[in-house]
Protein chains: 2
Amino acid sequence: MEKEISAEIMTIGDELLYGQVIDTNSAWLGQELGKIGIRVKQITSISDNPNAITDALTQAISRADVVLITGGLGPTKDDLTKHTLTRYFNTDLQLHQPSLDDVEEIFRKYNRPMLEVNRQQAFLPATCTPVRNVLGTAPGMLFQEQNTVIVSMPGVPFEMKRMVTDTVLPYLQQHYALPQIIHSVVQTIGIGESFLSETIADWEDNLPANIKLAYLPHLAGVRLRLTGFSKDGQDLEAQLQEQVDKLTALIPDHIFAYGEVPLEEAIGHLLKERNLTISTAESCTGGLVAHKLTSVPGSSSYFLGSVVAYSNEVKKAQLGVSAETLEQHGAVSEETVCAMAQGVRQLLKTDIGISTSGIAGPDGGTPDKPVGTIWIAYADAHQTVARKINYNKTRQLNIEYTTLQVLDLVRQSLRRRVEE
Amino acid sequence: MEKEISAEIMTIGDELLYGQVIDTNSAWLGQELGKIGIRVKQITSISDNPNAITDALTQAISRADVVLITGGLGPTKDDLTKHTLTRYFNTDLQLHQPSLDDVEEIFRKYNRPMLEVNRQQAFLPATCTPVRNVLGTAPGMLFQEQNTVIVSMPGVPFEMKRMVTDTVLPYLQQHYALPQIIHSVVQTIGIGESFLSETIADWEDNLPANIKLAYLPHLAGVRLRLTGFSKDGQDLEAQLQEQVDKLTALIPDHIFAYGEVPLEEAIGHLLKERNLTISTAESCTGGLVAHKLTSVPGSSSYFLGSVVAYSNEVKKAQLGVSAETLEQHGAVSEETVCAMAQGVRQLLKTDIGISTSGIAGPDGGTPDKPVGTIWIAYADAHQTVARKINYNKTRQLNIEYTTLQVLDLVRQSLRRRVEE
């Protein structure tokens, strides 16, 4: 077997260490490198300080075949990476005319004055291969040292991503003979990590040696990731599929998708398949259910609209919840949430209406209905189903958890409809 | 001056390297340590593999005074950290009865069967100080080695956060004589990094040596972070405030908040101060504006509700946009977006109505109105203001950018109202 090609990611910036920015670039890079069979072995975040950059880079080069660096290439004074790399690789800066043309083009497009700091961004280390940045003013730089490929890119996610997709990945695929790694993801909901682990223990113990399993818990379930290693693509695909089929037989009710499909997209597929439309009536989730549903491209074919009914007035006037229901049972109750789901379905003329009403916190709880008391409902022409949730983490988590639960209620209700 | 106390964060898990989970723990830890004057110098993410953990830990201990480890303590088979630490610190596992009591209590509370893997979680290295986990089944472990404090915690964010706040930070404050670091954040919107940098260049050049400035660009503006270093708290606060005041005088129109206040919270303050209510009529943002507004605790005092009008039918029937307007100008037009803002204001009886309508992509563009063509509007009893945005990144970014822009339109409109 050939040598596995390994990568390290270095992200530069005090803002990462101080925690003022979350590093989302590394996860994306890890995914993209994984897809072409390069395995990330370490991610290191360091200060935008020449010594820290130099030390980390020396170590990374000694361990890895590929080092991808993000951050520290903007036009402002806290950006030191380019100058540090120029010294590190013992070269000097020179004007790279195509990069200057690109920068000028960007300022023309947005009709803004180009500044001297932006002109300076087109000066690059003489020994690097420039990496074009069509979405921003800082070009990337590719170096080779001791059989390691080093690429430095800006930290702005959409600029970096485009550069990686257009230039860096194709370069690495040409440069290295890459082995094959395939990930197969099975997404579950409504089953905890411990219970899941016991349920599938026998299957897990009998996995072939070249397939690894990982549990990736999330807010309302667990993502299971099978990772297969091989040099022979065809065989590995079939081998993974066989294991996924066995796993599916063990937990059929809890799987909502295969692969990196978010729950809202899985729901979208179900609705499209069945040619059904949906609307939402949201109190405590405040629009997040609608946002999730509409974050899926093409969702306008099944999602028609929503009413976010935060006040009781809106629940009454728009959704037709009766004053009596609200007085007798309160806004957070089975009766109200059912009336909301039915109400929005009728108001917006959709096949399905779903609703949420609860106390997301941190205030608003009572002894009777403490923070985290939440009702959700699903209504279609044949049935109305409500469910009570007790979940009290933070306001944001309570809202997100409720959103996942009401989307899963759609999944479960549609499954039942087919079975009946 | 006393020695600065430095920290490193180690996050463990193949899921981080493969990019299947984004590391949000490190950013939070960086913030919390910063607040008590401990500076994070490096964040390292590694595989859940005993050798990788041992190597990274040896290096981190050699460099830092504090090493915080997250991840790899769950009940499933891919979790190796506890066993690796037990070997690393040359000790063995023994039952920790209070931890077992906690685990049993959790299973009682959720009324689920406790499993053997969960019982195993109460076995801890004999030489560690256990760190209580009241929200989950894996206790933390605190070690001391070569004057370094090492704490290992589960990767589940809310469990880890609670342990840090309740136990780890108080311990570190007792253990070390900590210097003072104060961050002062000034949040701007509507001004690009380059132009901002030129506008404030003189001020930046004249900052005192103990105050550092960083530019943290985000989707629609730049967060400016001033970091002051001192041993004398009182003086540093005043020194930072003086610089913030000078900065404010240079860019008064672009500052929406001081400190870590999101735009939606700043808008909430403005509405509360003025005793105004708001509603939203959303097409392309699909509920995200409402979600942002309602993510602020207490937002029910000024936010009454929203209509997500994805289909033209809902725009007509609920928001009163005339068929004529939609036919003549289209759903993505100044006329439609103004009618939506006015319509939702009247429908939900609020002082202010705001609206969005645009082509978020990836499909739906025309030569006349390409993807990224977006209209937003603000309406109150005195005025209706519309604005056109051209922004075409990804669907998700287009939606998020539009959301920030329409919230900023509220800020600008309220500012103008006061000035008039």
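Biologist: What makes helix 3 of chain A stand out in the lining of the second largest pocket?

Modeller: In this predicted model, helix 3 of chain A gives the most to that lining, with seven residues, where a helix is a DSSP run of H or I of at least four residues, a strand is a run of E of at least two, and both are numbered from the N terminus. A pocket is an open set of points on a 1 Å grid over the protein atoms alone, where a 1.4 Å probe fits, with protein on both sides within 12 Å along at least five of seven lines, and lining residues have an atom within 4 Å of a point. The second largest pocket has a volume of about 850 Å³, and of its 41 lining residues the closest to its centre are A:Gln42, A:Gln59, B:Gln42, B:Gln59 and B:Arg63.

Biologist: Why is B:Thr277 called buried?

Modeller: Buried means under 20% relative accessible area, exposed over 50%, and partly exposed in between, with a 1.4 Å probe and protein chains only; B:Thr277 has 17% relative accessibility and therefore counts as buried. B:Thr277 is found in the loop between helix 11 (263-274) and strand 13 (278-282) of chain B, and its contacts, leaving aside neighbours within four places in sequence, include B:Ser301, B:Tyr302 and B:Lys349.

Biologist: What makes helix 2 of chain B mostly covered?

Modeller: Nine of the 11 residues of helix 2 (residues 25-35) are buried, among them B:Trp28 and B:Leu33. The buried residues pack against helix 1 (14-17) of chain A and against several elements of chain B, including strand 1 (6-12) and helix 7 (157-175).

Biologist: Which conventions lie behind these names and values?

Modeller: Residues are numbered from 1 along each chain as its sequence is written, while chains are lettered from A and ligands numbered from 1 in the order in which they are written. Local features of the predicted model need pLDDT of at least 70, side-chain atom pairs count only at pLDDT 80 or more, and totals for chains, interfaces and linings use all residues, while side-chain values use heavy atoms, with hydrogens and water left out.

Key. Contact means heavy atoms within 4.5 Å. Grid points are joined across faces, edges and corners, and a volume is the space filled by probe spheres set on the points.
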